[in-house]
Amino acid sequence: MKFKDKVVLVTGGATGIGRAMCLQFAREGAAVIVNYSKSKDRAKEVVDLIDAMGGQAVEIQADVSRDRQARQLIDQAVARFNRLDILINNAGWTRFIPHDELDALSEEILEKTWSVTVKAPIYCTRAAVPHLREYGAGAVINITSSAAYTAMGSSIIYCAAKAALASITKSLARTLAPEIRVNAIAPGFVDTGFVNWTPEVLAQLQKKTRLGRSIIAEDIADAAVFLAADAKASTGQTILVDGGVVALGPNA
């Protein structure tokens, strides 16, 4: 097992990509902290699944876009398992706002998207740093988006926030080296029900990639395991997991 005696914390771990990562890390032997903001029942489902496979997991509620709650989350995680080895900043929030509808970008949408996508990873990472440094091989993985590179996504502020997170990844990697590696994953479209897409837009997004299939949450989980366990000489990097769309263009 790649993560025997290791502890991973996944923010936004109750659903979608976060859920897939929690389960994949548990299969590889990690004790898992499943963070959630509102999806308590879904978080408990993930914990129950991990328990059923003989793993260790606990769900902890926190709104990680709030500094105090992010710090409390880290404190509770370490109190539960006595260490923290891997932090995955996965929590996200967005709303579908067509890019030409600028007036629809309300202050609430602008602030919440930025707070969850940009502020939360900073809050969680800085709270986790002392614990990640303790064993000299800590890892942080930020979940950004291919929207950071294409400027096509659920909203203009979502694309901007994900681009900012890609830059933050590099800054943190430089600052926290050599004890802590910081990398990112930029998923392409993964249909998790995360966004309130219109049926027409959703149909376009669901078209197959250059690999001839859609990207699924487990693809992102596989990349996270690779970055945390195998990519020991990589930091400051972002892996695109989008079926080649950014590099090769959309499938015709």
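The model on display is predicted.

**The sheet.** Select the strands to begin. Seven of them, in the order S3-S2-S1-S4-S5-S6-S7, form an open sheet with parallel pairing. At its edges lie strand S3 (57-61) and strand S7 (238-241), each of which pairs on one side only. From one strand to the next, the twist averages 20°.

Next, select strand S2 (residues 31-36) together with S3; the two pair in the parallel sense over 5 bridges. Within this pair, isoleucine 33 stands opposite valine 58 of S3.

**Strand S5.** Now move to strand S5 (138-143). Because 6 of the 6 residues of S5 are buried, this strand is largely enclosed by the rest of the structure. Display the side chains: Gly138, Val140 and Asn142 point one way, whereas Ala139, Ile141 and Ile143 point the other way, and all are buried. In a regular strand the side chains alternate between the two faces of the sheet.

**The neighbours of S5.** On pairing with S4, S5 runs in the parallel sense over 4 bridges, and isoleucine 88 has isoleucine 141 of S5 as its bridge partner. S5 and S6 also run parallel, joined by 6 bridges; here valine 140 stands opposite valine 182 in S6.

**Helix H4.** Finally, select helix H4 (residues 107-133), which lies across S4, S5 and S6 and runs at about 175° to S4. Together, S4, H4 and S5 make a right-handed β-α-β unit.

Methods: Residues are numbered from 1 along each chain as its sequence is written. This is a predicted model: local features need pLDDT of at least 70, side-chain atom pairs count only at pLDDT 80 or more; totals for chains, interfaces and linings use all residues. Side-chain values use heavy atoms; hydrogens and water are left out. Two strands pair if DSSP finds at least two bridges between them. Axes are lines fitted to C-alpha atoms, for helices over the stretch in contact, and angles run from 0 to 180 degrees between N-to-C directions. Contact means heavy atoms within 4.5 Å. Buried means under 20% relative accessible area, exposed over 50%, partly exposed in between (1.4 Å probe, protein chains only). A crossover is right-handed if, with the strands pointing away from the viewer, the path from the first strand over the helix to the second runs clockwise.
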